[in-house]
Amino acid sequence: MSEPSRPPLGEAVVTSAFPPRDTAPGGYLEPIRAAGAVLWRPRRGGPAGDGDTAASDREVMLVHRPDRGDWSLPKGKLKSGEHTLTAAVREVTEETGCAPVLGRRLPPQRYLKNGWPKQVEWWAATPAGASAFTPNDEIDAAEWVGLGAARDRLTYDHDVQVLDNFALGPARTVPVVVLRHATAGEKGSAAADDDLLRPLDTAGRADAVELADVLGAFGPMEVVSSAAARCTETVLPYAMARSATVATGRPYTAGAGADGGFDAEGAREAFAGVLARRGPTLLCTHGELIGGLLRDALGRLGAAIPQQPGLRKGSFWVIHLDAADGTLAGAERHSARG
């Protein structure tokens, strides 16, 4: 019997569950966790311009593994305790020699690896600079290939599905990150009579350091923050690592309201302006505002509202906007430590 043909380019196939297996029927096996990216660039000699790049004008990076004799997309297993975003950046860099800037998230792939379930998280990504690839025992070739040719060359159908999901959506996207500040001292504590000056606690400072690395996966962003110390301290390590200026915004700050509370309407209007500018932005603010900001933003973008738009301290939403028209290209939520 002949093998079934692959669906045409642009027809998405998403695997939402692990394939049937004989091991532990009706039970659960903790999957192997991995992460990777579809690293892409405009086709050399293709159309120029700042708009989105059609699928036919994109090239993607494929890697060849000599021990398996296969061609695949760059990916690899998470290290113990490693954040998924950090793992995706590390693995792509190690396998291709290109440090990636992550774009929109793609549907995960789930399949069996030697009889054990494996789950791979995927992102679209662009190279931050030129490749420094050197052939080695694990990867002996890394090549830029046109999207159609890449589909034909890939060894595994689950990689082809990832490529098709990438081809369906916009290549160029812009991240807008909404971050809730990390943990701070208790309200009303003797050391923090003025709530605006209440600093991060020990755990919060550790999370701020982690966030600098995790948020770095999305590249350089403009940093906007509540003026409260717990918010500016949360983004300070990221800003220092990226040589970014932290601009404080009164509408996002506790105490900005007429009654000394929160100016929810002013915050929503200010955030609508951030979305309209379509520039990479990191906003750090308070839990009391985040649910309303997300509901209003997604409503403006014509998207469904998640049941739980709020965030725990040190967690963040990433709203991916189509760089060409500002429509919603994806949304994902993370904590500082994965």
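This is a predicted model: local features need pLDDT of at least 70, side-chain atom pairs count only at pLDDT 80 or more; totals for chains, interfaces and linings use all residues.
Visitor: How many helices and strands does the protein have?
Guide: The protein has seven helices and 13 strands. These are DSSP runs numbered from the N terminus, with helices being H or I of at least four residues and strands E of at least two.

Visitor: And what share of the residues is buried?
Guide: Of the 338 residues, 47% count as buried. Buried means under 20% relative accessible area, exposed over 50%, and partly exposed in between, with a 1.4 Å probe and protein chains only.

Visitor: How many aromatic pairs are there?
Guide: The structure holds one aromatic pair. The ring centres of W40 and F166 are 6.3 Å apart and the planes stand at 45°, so the pair is tilted. Rings of Phe, Tyr and Trp (its six-membered ring) pair if their centres lie within 6.5 Å; planes under 30 degrees apart count as stacked, over 60 as edge-to-face and the rest as tilted.

Visitor: Which elements hold W40 and F166?
Guide: W40 belongs to strand β1 (residues 32-42) and F166 to helix α3 (residues 157-168), so the pair ties together parts that are 126 residues apart in sequence.

Visitor: Are those two buried or exposed?
Guide: W40 counts as buried at 2% relative accessibility, and F166 counts as buried at 0%.

Visitor: What lies over the face of F166?
Guide: R58 does, at 4.9 Å from the ring centre.

Visitor: Changing topic, how much space lies in the largest pocket?
Guide: About 480 Å³. Of its 21 lining residues, the closest to the centre are R65, R68, K75, K77 and K118. A pocket is an open set of points on a 1 Å grid over the protein atoms alone, where a 1.4 Å probe fits, with protein on both sides within 12 Å along at least five of seven lines; lining residues have an atom within 4 Å of a point. The volume is the space filled by probe spheres set on the points, which are joined across faces, edges and corners.

Visitor: What classes of residue line the largest pocket?
Guide: Its lining has six nonpolar, four polar and eleven charged residues. Ala, Val, Leu, Ile, Met, Phe, Trp, Tyr, Cys and Pro count as nonpolar, Asp, Glu, Lys and Arg as charged, and the others, Gly among them, as polar.

Visitor: What about the second largest pocket?
Guide: About 270 Å³ of space lies there. The second largest pocket is lined by twelve nonpolar, three polar and one charged residues.

Visitor: Where is G338?
Guide: G338 is in the segment after β13 (328-335), and G338 is exposed, with a relative accessible area of 68%. Its C-alpha atom is separated by 8.1 Å from that of G81, 257 residues away along the chain.

Visitor: Which residues is H83 in contact with?
Guide: Leaving aside neighbours within four places in sequence, H83 is in contact with L78, V214, H334, S335, A336, R337 and G338, where contact means heavy atoms within 4.5 Å. H83 lies in the loop between β4 and α1 and is buried, with a relative accessible area of 5%.

Conventions
Residues are numbered from 1 along each chain as its sequence is written. Side-chain values use heavy atoms; hydrogens and water are left out. A charge sits over a ring if NZ of Lys or CZ of Arg is within 6 Å of the ring centre and within 35 degrees of the ring normal.
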